[in-house]
Amino acid sequence: MHRTRELLRLKYACGLSNREVARACGVNRETVAVYLQRAHTAGLGWPLPEGLTDAELDERLFPVPAGPLGPERPMPDCQYIYDELRAHKKLNLTIMQLWIEYKELHPDGYQYTQFCRYYHAWRSKLDRVMR
């Protein structure tokens, strides 16, 4: 946050360009533009309000969303998928068929690609032992 204070001071008190501010602070020009836009949106200028701490400055520039971004989706039961695929190997059971079953139980659940990613990530963590 010290860098943010310096960035605002150089821009507003010293009247430097975004390029000069970026060079002085050791950041990218686009970063300077984003910080200045966030400060403008938050109603901040120079001088900063008296007693504004770094944490408060951070909260005003980068507000945390009020709630969750979307509804929680039920995770696939990877152990069940693994067991079913192994138990029905001779019947040519596929992960697509298990995903269809998952979607029937959870219509708002993950789509096929994400479902497979979660399963394969889980499966890659299994301890494989050759006997």
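Author: Let us begin with Arg5, which counts as partly exposed at 22% relative accessibility; here buried means under 20% relative accessible area, exposed over 50%, and partly exposed in between, with a 1.4 Å probe and protein chains only. This is a predicted model, in which local features need pLDDT of at least 70 and side-chain atom pairs count only at pLDDT 80 or more, while totals for chains, interfaces and linings use all residues. Residues are numbered from 1 along each chain as its sequence is written, and side-chain values use heavy atoms, with hydrogens and water left out.

Reader: Okay, which side chain does Arg5 meet in a salt bridge?
Author: The side chain of Arg5 meets that of Asp54, at 2.8 Å from N to O, where a salt bridge is a side-chain nitrogen of Lys or Arg within 4 Å of a carboxyl oxygen of Asp or Glu. Arg5 lies in helix α1 (residues 2-13) and Asp54 in helix α4 (residues 54-61), so the pair ties together parts that are 49 residues apart in sequence. Helices here are DSSP runs of H or I with at least four residues, strands are runs of E with at least two, and both are numbered from the N terminus.

Reader: And is Asp54 buried or partly exposed?
Author: Asp54 is partly exposed, with a relative accessible area of 36%.

Reader: How many salt bridges are there in the whole structure?
Author: A search of the whole structure finds two. Besides the pair already described, Arg9 forms a salt bridge with Glu6, with the closest N and O atoms 2.6 Å apart. Those two residues, Arg9 and Glu6, sit three residues apart in helix α1, and are therefore separated by about one helical turn. Arg9 is partly exposed at 29% relative accessible area, and Glu6 is partly exposed at 26%.

Reader: Switching topic, how many helices and strands does the chain have?
Author: The chain has seven helices and zero strands.

Reader: What is its overall extent, then?
Author: Along its principal axes the C-alpha trace of the chain spans about 75 × 35 × 25 Å. Of the 131 residues of the chain, 23% count as buried.
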